Amino acid sequence: MPQSTILLLFSLGALVIAGVFWWVWRSSYQPVSVSVEPLRRWIFVAILLFVGAFTALTLWRMPYFLYAEELPERVIHVVSRQFAFALSERPIETDAEYAAALGQTLELPLGKVVEFRVTSFDVNHGFALYSPDGRIIAQVQAMPGYINRLRWRFDQPGEYVAQCLEYCGAAHANMQARFVVR
Amino acid sequence: MKALDRITAAWIITVTLVFPIAILLGILMRLNQANVLELSPLTFYSFMTAHGLLMVGIWFVMSMAGVSYLLQRYVEVRVWPITFGYVLTLVGVVLLLAAIFGGGFHTGWYFLYPLPFYARTEEWATMAFLLSLGSLGVGWFVWSLGLLVAILRKYPLTRALAWHHLVGKSEPETPPFILISTTTLLGLVPAFVAAVILLGLFFMEYLGGVKQDALLMKNLTFYFGHTLVNEMLYFGIAALYELFPALAGKPPYRTKPFVALAWNLVLVVVWTAYFHHLYMDFVQPTVLQYVGQLASWIAPIPAIAVTTFSVLGTVYRSGMKWWLAPTFFFTGVMFWIIGGLGAILDAIVANNFVLHNTLWVPAHFHTYNLLGNVLFSLGFITWFVREQSGDDGSRLYRPVATLYLLGGAGFVAAFYIAGSLSVMRRVDKYPELVASGGVLALVGALFAVLVLAAVAIYTVHVVRRCWRVLVAASS
C-alpha cells in the first residue's frame, strides 16, 4: 500500500474514532438511564469481520516472496559497515574487497528483477531504497552473520539512494549509497 | 495504609519531576532536526538514549505504582517489594545517567547488539549501562513478584485468571482489576527472563569475548522491550477499570465471560506480537512473520471490544462530572485506539516494507504512550491527589487538559505526516533526501512546548500535595 494511502486510511479512521468519542462525551451532558449492552455483540462481530477481511487481504502480500518465480537479471552484493555501503556485482568477503567496492556507482536495468544480497561487517544497518522522488519503495535489514535477499524491479529511471534506516552510531544519518537505473 | 501512601507519593514525585526533563530532551532533539539547534551527533544520540529509557522507565514504574496502590482494596499488599523496586530504580537511573552523560553511551534504548561494542563510548560506560539495566530489572522483577504473590495468597491462579468465568460461572467473582493485574504480571515474567538472558549474553561477550548471534540477540531485545511496554499499557488499563466507573457514579465493572476470555487471550497474544519488530529481517523464519502479523491484529480486539466499549458505555448519557481524572482516562482510551490504528497499519508486513524505521513508528507509539498510557497514569495520580488532599485541581482543568491534548495531537500529527513522507527516525539531521523532515520537526517541537507547559503546571500542583503526604506519613 503506498504511504499516502496508509496516511489517508489512518486519518479517516482517527476522525471516525474521535467523532464517536466526541459524540459520547457530548451525550454525557444529557443524562438518562440507558443500557448499551445489547450493542456489544454486534460491535464485536463487526470488529472481527473487519480484522478478518483486512488480514485476508494483506497477509498474502509478503515482501519475502517478491518475484520468487523469476530469475534475477542482476545480483548485487551489499556490505554495510559504519558508515558506508559497498555495492558490487562480485561477492565482498574481505576488507580489501569492501574498500574496492566503495564509491562505485552502479547502473541497474530498468524493468528487470534485481536481487540485493545484503549483509553487514559490523553492526545492524538498514538498507532502504529511496526512489528518485524521495519515497521509500523497499527495504531490508543488514545483519552481521546473515545475508538478507531482497528482490526488486525498478519501474522508474533515475538516481536512487540507499539510506541506512537502522540506527548504527554517530554518523548514521549520513550513511548512503547511490545508483542509477536506466 | 500510611506506608503505601508514602511510597506511592514518592513514586509520583519522582516521576512527575523527571517527566518534564525527558520531554525537554525530546524537544531539543526535534529542534536539532529542525536546524534551530546545532547539537553534536554524540550529544543528540545521548539525548535520544536518555529520552527513550527515561520515558519508558518512569511510566512503567508509575503504572505499576498505581496498580500496587489500588491492589490494597482486594489483598494485603506488602510495601517492602515496592520500596526495594524504588531503591533499585534510583540506583539504575543514576548508573544510566552516568553511562549516558558521563561516559557518552548513545546506542538508543534498545542497545541493539552488537552496537554497544562498536559505539564511540567510554569503555566503562557500557558496563555501567548493563549494570543499570540489571539493577532496574532486578528491582522491577522483585516488585512484580511481590504483587503476584500478594494476589495468589488470596486468589488461586485459576481464579485470579477468571477461568471459572470462562465456563459461565459467575461466583465467586474475580474483580476485573485482579484479572488484568494477574495477566499483566504473568506476562512480564518471560520478558524479565528474556532480559536476564540478553544481559547474560552481553556480559559473556564483554567479559569473555564470546561472540553472539545477532538474530537471537535482536529477538531477545524486542521480546523484552515490546512486552514491557505492552504490559505497561495494561497496568494503566487495570487502574482505569478500577477507577473509571466510580468517577462516572456507576457500579464497578464486573467480570463476564467475554471479559475473562479477552484478558486471557491478551496474555498469550502479547508474547507473540513482538515479531513485527523483525519483519525486515528476511532471514527470520517466515512462519514467525505470519504469526507476528496475526498476533498484532488479534491483540487489539479484546482491547477495543471490551475496554473501549465499556468506557463509552459508561460515559454515554451518564451525567458525568468532568474533571482532570476522568478526562485523562477518557481521552487516554481515545488516543490509545487511534495509536493502535496507526500501529496495526504498520503491523501489516506489506506496509512495514515502506514504513519500518520511519517517523510513522514514533508517531503511533507516542500516540498510545504520551496520549494514552501516560494519561491513564495521570488519571490515577490526579485521583490519588484528590483522595489525599481533597483538591481535584479544578483550577487546572481547562489549561492543563487543553494544552496537553492540543499540544500532544499536533506533536504526533507531525510524526505521522513525516512518516508517510518517508522521513526516517533516529537521525540527528535530515539528509537532503527528506527535506520536509526539518519543517515537520519544528512544527512537532512547537506543539511539544504546549505539552511541556501543561506538564510544568500539573507537576507543581502534584508535587506540592504529594510532598505533604510524604511528610505527614513520615511524621
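The expected span of a helix is 1.5 Å times one less than its number of residues, and this definition is used in the first two of the following legends, which describe close-up views of a predicted model.

**View 1. Helix α8 of chain B, its span and its bend.** Helix α8, made up of residues 214-247 of chain B, has 34 residues and reaches 49 Å from its first C-alpha to its last, which is close to the 50 Å expected at 1.5 Å a residue. The helix α8(B) bends by about 30° at B:Tyr241, and a proline, B:Pro245, follows within four residues. Because 28 of the 34 residues of α8(B) are buried, this helix is largely enclosed by the rest of the structure. After α8(B) comes B:Gly249, whose phi is positive, near 70°.

**View 2. Helix α3 of chain B and the helices against which it packs.** With 23 residues, numbered 80-102, helix α3 of chain B reaches 32 Å from its first C-alpha to its last, close to the 33 Å expected at 1.5 Å a residue. Among the buried residues of α3(B) are B:Pro81, B:Gly85, B:Leu88, B:Val93 and B:Ile100. The buried residues of this helix pack against three stretches of chain B, namely α1 (2-33), α2 (41-71) and α4 (123-154). B:Gly104, which follows α3(B), has a positive phi, near 70°.

**View 3. The largest nonpolar core.** This core has 226 residues, and those with the most contacts inside it are B:Phe129, B:Ala238 and B:Ala239. Leaving aside neighbours within four places in sequence, B:Ala239 is in contact with B:Gly66, B:Val67, B:Leu70, B:Phe376 and B:Phe380.

**View 4. An open sheet in chain A.** The sheet consists of 5 strands in the order β3-β9-β8-β5-β6, with mixed pairing. Its edge strands are β3 (106-108) and β6 (136-142), each of which pairs on one side only, and the twist averages 25° from one strand to the next. Strand β5 (residues 125-130) of chain A pairs with β6(A) in the antiparallel sense over 6 bridges, and A:Leu129 stands opposite A:Ala138 in β6(A).

**View 5. The surroundings of A:Leu150.** A:Leu150 lies in strand β7 of chain A, which covers residues 148-153, and this leucine counts as buried because it has 23 C-beta neighbours inside 10 Å, where the cut-off for a buried residue is 20 or more. Apart from neighbours within four places in sequence, A:Leu150 is in contact with A:Phe116, A:Val118, A:Ala138, A:Val140 and, in chain B, B:Phe282. A:Leu150 and A:Phe127 are 23 residues apart in sequence, and their C-alpha atoms are 9.8 Å apart in space.

Notes:
Residues numbered from 1 in each chain as written. Chains lettered and ligands numbered in written order. Predicted model: local features only at pLDDT ≥ 70, side-chain atom pairs only at ≥ 80, totals over all residues. Helix = DSSP H or I, 4+ residues; strand = E, 2+ residues; numbered from the N terminus. Buried ≥ 20, exposed ≤ 12 C-beta atoms within 10 Å, placed from the backbone. Contact = placed C-beta atoms within 7 Å. Core = buried A, V, L, I, M, F, W, Y, C linked by C-beta atoms within 7 Å. Pairing = 2+ DSSP bridges. Axes fitted to C-alpha atoms, helices over the stretch in contact; angles between N-to-C directions. Bend = angle between axes of the 7 residues up to and from the residue.
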